[in-house]
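User: I'm new to this one. Can you walk me through it? Please start with any term I'll need.

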2 protein chains.
Amino acid sequence: MTTDQLKSKIRNVPDFPIKGIMFRDITTLVKDPAAFKYVIDTLTERYRDRKIDQIIGIESRGFIFGGALAHRLGCGFIPARKPGKLPAETIEESYELEYGRTSLQLHIDSIKKGDRIVIIDDLLATGGTIRATANMVERLGGEILEIAVVVELTFLKGREKLKNYNIYSMVEYDSE
Amino acid sequence: MTTDQLKSKIRNVPDFPIKGIMFRDITTLVKDPAAFKYVIDTLTERYRDRKIDQIIGIESRGFIFGGALAHRLGCGFIPARKPGKLPAETIEESYELEYGRTSLQLHIDSIKKGDRIVIIDDLLATGGTIRATANMVERLGGEILEIAVVVELTFLKGREKLKNYNIYSMVEYDSE
């Protein structure tokens with residue numbers, strides 16, 4: 001499968017969640033067995049020899065890719081969740097969204113100092129969500145080897161918020 | 001790994017999300033590589049020869065297990081999501097929670113008539129969430145081969161809401 005073929009599996013939904021936003025819908029990708037397999041195989045190949053301890057997936061779509069990737073790598077999976085969802089003691093970071101403001105949490109005991117971490121989400125937009133997650137990982141002493149996303153909206157310049165990190169994206173959009 | 005060993009990986013958090021509820025926390029299971037692998041290997045073995053077309057995972061913890069299982073089976077993954085999250089045309093079913101009331105949605109074009117489906121979630125409690133998901137799958141013409149959960153709270157009698165379906169649970173709790 002080529003990048004263009006992978007991109008063709010992503011559905012473009014205009015004016016979602018608000019007018020003027022072209023939503024890149026990965027549900028059409030993950031329901032396609034070959035496309036989903038290609039994404040997970042590619043990420044597995046990329047991280048196989050990197051001694052990853054934990055994959056951190058960002059709620060909710062990051063759980064789909066992150067769960068599969070952690071399983072393939074034989075490592076653990078940690079969810080970064082919206083407030084009120086994680087039942088034990090948490091740390092929290094707030095951030096601005098493309099449309100709104102919210103925060104994310106991690107369980108305080110989820111990461112051990114020195115754990116080798118890959119953060120995964122479906123989408124890199126303005127970078128706020130991923131930056132908040134990366135901040136929490138650093139606070140807990142984790143080592144972020146890379147941030148992986150399926151889709152990057154390059155025109156929103158999310159990488160500028162994430163200059164200290166390696167970022168790997170599979171499909172890019174350079175305009176709405 | 002035995003069922004008791006698997007159960008020991010689930011954290012018990014009293015009084016979450018409200019007083020009197022003992023929350024069964026699977027984040028400690030999925031961050032344990034051996035326990036997470038055991039769950040996905042067991043489910044893969046169970047469904048390997050059943051010609052599954054799609055795994056439906058229920059938001060959000062069902063995405064972690066469902067993404068991994070769909071990948072292992074080489075089939076597609078479909079998210080059942082809370083209202084306002086799926087960008088294209090949806091159908092919806094509402095249901096009562098253990099604490100509250102809400103609804104779930106599926107994309108109308110996610111399932112083809114006759115698709116062979118396994119529904120997966122982390123937890124079977126009162127059965128409302130899973131029943132709503134099963135209703136949507138039926139409305140779209142899918143064939144539900146089985147409903148799989150990691151944890152079943154048998155004392156909440158969720159199976160009584162799901163009498164027409166095969167249900168497979170890996171760990172049971174018969175009281176709070």
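Analyst: Let's begin with a term. Buried means under 20% relative accessible area. Keep in mind that this is a predicted model.

User: Good. Is Asp25(B) buried or exposed, then?

Analyst: Asp25(B) has a relative accessible area of 1%, so it counts as buried. It is found in strand E2 of chain B, residues 22-25.

User: What does Asp25(B) touch, leaving out residues up to four places away in sequence?

Analyst: Asp25(B) touches Pro87(A) and His107(A) in chain A. In chain B, Asp25(B) touches Ile10(B), Arg11(B) and Val13(B).

User: Now Lys112(B). Buried or exposed?

Analyst: Exposed: the relative accessible area of Lys112(B) is 57%, and the cut-off for exposed is over 50%.

User: Where does Lys112(B) lie?

Analyst: Lys112(B) lies in a loop of chain B, between strand E6 (100-107) and strand E7 (116-124).

User: And which residues is Lys112(B) in contact with?

Analyst: Setting aside neighbours within four places in sequence, Lys112(B) is in contact with Leu140(B) and Gly141(B). Gly142(B) is 30 residues apart from Lys112(B) along the chain, and their C-alpha atoms are separated by 6.7 Å.

User: Switching topic. How many helices and strands does chain A have?

Analyst: Chain A has five helices and nine strands. From the N terminus on, the order is α-β-β-α-α-β-α-β-β-β-β-α-β-β.

User: How compact is chain A?

Analyst: Its radius of gyration is 15 Å, close to the 16 Å that the globule rule gives for 176 residues, so chain A is as compact as a globular protein of that length. The C-alpha trace of chain A spans about 40 × 35 × 30 Å along its principal axes.

User: What share of chain A counts as buried?

Analyst: Of the 176 residues of chain A, 56% count as buried.

User: What about H3(A) and H4(B)?

Analyst: The axes of H3(A), residues 33-47, and H4(B) come within 10 Å and cross at roughly 100°. That makes H3(A) roughly perpendicular to H4(B). Phe36(A), Lys37(A), Ile40(A) and Asp41(A) of H3(A) meet Gly67(B), Ala70(B) and His71(B) of H4(B).

User: Where is Leu73(B), and what does it touch?

Analyst: Leu73(B) is found in helix H4 of chain B, residues 61-73. Not counting residues up to four places away in sequence, Leu73(B) touches Thr44(B), Tyr47(B), Arg48(B), Ile52(B) and Ile55(B).

User: Last one, cysteines. How many disulfides over all chains?

Analyst: The count comes to zero disulfides over all chains. Cys75(A) counts as buried at 3% relative accessibility. Cys75(B) also counts as buried, at 3% relative accessibility.

How values were computed. Residues are numbered from 1 along each chain as its sequence is written. Chains are lettered from A and ligands numbered from 1 in the order in which they are written. This is a predicted model: local features need pLDDT of at least 70, side-chain atom pairs count only at pLDDT 80 or more; totals for chains, interfaces and linings use all residues. Side-chain values use heavy atoms; hydrogens and water are left out. A disulfide is a pair of cysteine sulfur atoms within 2.5 Å. Buried means under 20% relative accessible area, exposed over 50%, partly exposed in between (1.4 Å probe, protein chains only). Helices (H or I, at least four residues) and strands (E, at least two) are DSSP runs, numbered from the N terminus. The radius of gyration is taken over C-alpha atoms; the globule rule is 2.2 Å times the number of residues to the power 0.38. Contact means heavy atoms within 4.5 Å. Axes are lines fitted to C-alpha atoms, for helices over the stretch in contact, and angles run from 0 to 180 degrees between N-to-C directions. Angles under 35 degrees count as roughly parallel, over 145 as roughly antiparallel, 65 to 115 as roughly perpendicular and the rest as oblique.
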